[in-house]
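Please open the model in a viewer and keep the selection panel at hand.

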Amino acid sequence: MSDTKKKGFDLGNWMIPIIAVAIAMFIAGIMMKLQGADPISAYKTLFTTSFGSVAGFSATLGKATPLVLSGLAVTIGLRAGLFNIGAQGQLISGALATAWAGYALTGLPAFIHLPIALAFGIFFGGFVGYIAGALKAYRGVHEVITTIMLNSIIMALSDYLVVYHFREPGQLLTRTSEIQKSARLPFIFSLPLGFFIAIACAVLAWWIMTNTTSGFRFETVGRNKFAAWYAGISVKRTLVMAMMISGGIAGLGGAVETLGVTYRFEPAFNAGLGFDGITIALLGRAHPLGIIPGAILIGGMRAGASNMQFVAGVATELVDLLMALILFLVTAPLVTRFFKNTTSKSVTGGW
Amino acid sequence: MSDLLEITGLTKQFPGVLANDNISLTVKAGEVVALLGENGAGKSTLVKAVFGLIKPDKGQIKISGNVIEYGDTAGVIAAGVGMVHQHFQLVPVMSVTENIILGDEPRRGFFINRQSSRKQVIELSKRYGLEVDPDAIIEDLPVGMQQRVEILKALRKDVKLLILDEPTAVLTPQEIDELLLVIRNLAKSGVGIVLITHKLHEVMAVADRVLVLRGGKAIGFTSPKESDEAGLAQMMVGRSVVLRVDKKPAKPGKAALEVRGLQVLDDRKLLSVKGVDLTVHSGEILGVAGVEGNGQRELVEAICGMRHRVSGQVLVAGVATKDMHPHAVHLAGISHIPEDREKHGLVANYSIADNLVLNQFDQAPFAKGWVRNISQVNSNADAVVEKFDIRTPSAQNLASSLSGGNKQKVVVARELSEDLKVLVAAQPTRGIDVGSIEFIHNQLIAARDRGAAVLLVSAELDEILSLSDRIAVMSGGEIVAIVDSKDADRNYIGRLMAGMKA
């Protein structure tokens, strides 16, 4: 066990996720074999589809974009000692709010419309996070409970809003109108702009966590809130801020997905993006930069899944199976540490 | 009568601490033996060894004549040893009966036999004269009653030897009296009892014999007949290693810290600081002596803004400080070496460098606006590690990698690194090595000589005697006397600590 706190990447800490992914793929491979499929060809198809061509890689990055943001959202929470299970709800709030801003505001130039639509997503995602944060800080309600409950509330509420208030006129399907052209996120060199926004967010978050006083407050509260209080950090304010920022980032994830991929809100969209964020955050060891490879890996699996089904005859659900296995293998050691908070190498201590 | 428990020459060495040093003890049936000692004296190590939870380096433990093997906890329990823990092991939402039968339920086929369970509990409570309502839910019961359930739970397993770990720590005075009566009655019915405590009057009230432990050593056996509370206090706080500190006479200046009419509640919401008045002048060390648990902790926490002040004021240079706001109190000029350095003093998985700026990370030169100046943090750390002789390969190592003494040096260094007006040091040398103790003592004297007002609270009477310029004795939540250290007499202070009118 290394006791030094390193600023850069410490490979030792990254062995758990790497091994977890390898074992998960191995187990999934056995299951494919049992079904009579060829795992080698399946994996080959999966990864050549998603990483083998510019178009494929672009699709992968498109899938990875909301995952980077939802993974980052969960990471920010973990850093301050909060387990935000509510990225899903926050992301949906952001997606719906952004979709509304995207279709209802008309006649704006793109350079105004886009930021406004994104801001809607951040604001509403952040607001949902704020509710959980305030309940935690001022009423002592555990954030895992409130965020799970908020997930249900928001899913039902967004259904209701789309059915009765925001439905596309004359449309039978439960969905909003399409967003204006001026609110669409463009592609840059055939790569989605949203991905660069997400990466910028992750890098910014990393810089803030390592170099600013706010980052230090977050980390201190996450590691020892008694010492934080004693040292003059407002623990309550920090908790609320952390949940709000976490929710805002998840909301941005929903916004980017809406403006860059789906172009409208439909309750069936965005399914699981927030929950995948939990897997990715843990896979990335709650490191703002560590989540990027994790999100790209998962995004690539999602992007290549249907082609894999077509070529190798393996159902797309294999990706969910892989995700579940990875989550299982990664969390077992990490979550225990997070909740016990006894060892020096807690989930938030990996750098 | 034969010995229920026979410990001979028990020795246990932990890294850096000799927890038990050649301790021998026998307990006979029907006898109450008190284990008296301060925190860290080796009481819990001894008990763990009895349960086979730790492997002694030397020595032997016999229960009813049979040698205990390390790891055979089940065997110890089967041999009739029961324990009532300081923190109750009860399920709050279940009934008294359910809690007592838990783990060994009378069954009828696949189901719990509730009727016979209930009957067992009633019989048990009659047999030992411990009245309980078998159907009451635990969380509705007062703490004293919960403890009674805990005792019954232990007794149900035909206990011959009952170990009570700090049983009165959470009780009110009335509940304590009742418990002491229960202990006497149990002993009369033939149960051997080991009472672990650091409260003198309980020992006087109930024990047949007393084994005083200090720093892992058995200081000696005595009994309430042979000794009095003052004598016990002296044995407990000890006079073994008197650390001599060279210091010049104090040159007290103006009143720097004033405490006026301070009243504070403890965790049980009982008044534990009952109107304390203190004045500490700049350039002097005022030591607060007292047996632990007499309100010292609450006093310190209230002064430092970490515990609500029910009434009264804390002034720094004549200006009142804010209640329940450690940072505001710190800014007002009170530095604080907290009693619990792991909990309040340090962030274990931060580097030493970050810990050294924990309460000033957002101030110049360690931050410029929003951005931290990491290179300043690091150069500060390197200088402090050097100056305070903190034993570590690098200031970038995690605080958790340090030994207790070096951790404490980090805390002390941080609190002293400013232009110090008032320093409140709570148990500043508890559980650390002699070298670090000496270093920290010298730092406290140096702070005094630079004009700081130092309030030193310690359970170590020797520490108080060797460092203080004046000594305040605290007992039962009150300051019972303030004496000049030149006139301080160990016996006199011991009697005051024991709550006797001198």
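Begin at the interface of domain 2 of chain B and domain 3 of chain B, across which two salt bridges are found; a salt bridge here is a side-chain nitrogen of Lys or Arg within 4 Å of a carboxyl oxygen of Asp or Glu. Select Arg430(B) and Glu339(B): they form a salt bridge in which the closest N and O atoms are 3.5 Å apart.

Before going further, note that this is a predicted model, in which local features need pLDDT of at least 70 and side-chain atom pairs count only at pLDDT 80 or more, while totals for chains, interfaces and linings use all residues. Residues are numbered from 1 along each chain as its sequence is written, chains are lettered from A and ligands numbered from 1 in the order in which they are written, and side-chain values use heavy atoms, with hydrogens and water left out.

**The domains of chain B**

Colour chain B by domain: domain 1 is 3-237, domain 2 is 241-333 + 421-502, and domain 3 is 335-420. These bounds come from an automatic or database domain assignment. The centres of domain 2 of chain B and domain 3 of chain B, taken over C-alpha atoms, are separated by 24 Å. In the contact (heavy atoms within 4.5 Å), domain 2 of chain B takes part with 30 residues and domain 3 of chain B with 22 residues.

Now display the surface between these two domains. Domain 2 of chain B and domain 3 of chain B bury about 2000 Å² between them, with 59% of it on carbon and sulfur atoms; buried area is the accessible area (1.4 Å probe) that two parts lose on being put together, summed over both. Select His330(B), Leu423(B) and Phe439(B), which supply 24% of the area that domain 2 of chain B buries against domain 3 of chain B, more than any other three residues.

**The interface with chain A**

Next, show chain A together with chain B. Their contact takes 34 residues from chain B and 26 residues from chain A. The area buried between chain B and chain A is about 2800 Å², and carbon and sulfur atoms give 63% of it. Select Asn349(B), Tyr350(B) and Trp370(B): in chain B they lose the most area to chain A, together 25% of what that side buries.

Which residues meet in a salt bridge here? They are Asp362(B) and Arg217(A), whose side chains lie 2.8 Å apart, N to O. The count between chain B and chain A is one salt bridge.

**A sheet in chain B**

Finally, select the open sheet of four strands in chain B, whose order is β14-β13-β16-β17 with antiparallel pairing. Its edge strands are β14 (271-281) and β17 (319-320) of chain B, each of which pairs on one side only. Strands are DSSP runs (E, at least two residues), numbered from the N terminus, and two strands pair if DSSP finds at least two bridges between them. Strands of a sheet pair through backbone hydrogen bonds, either parallel or antiparallel.

Zoom in on strand β13 (residues 255-265) of chain B, which eight bridges join to β14(B), the two running antiparallel.
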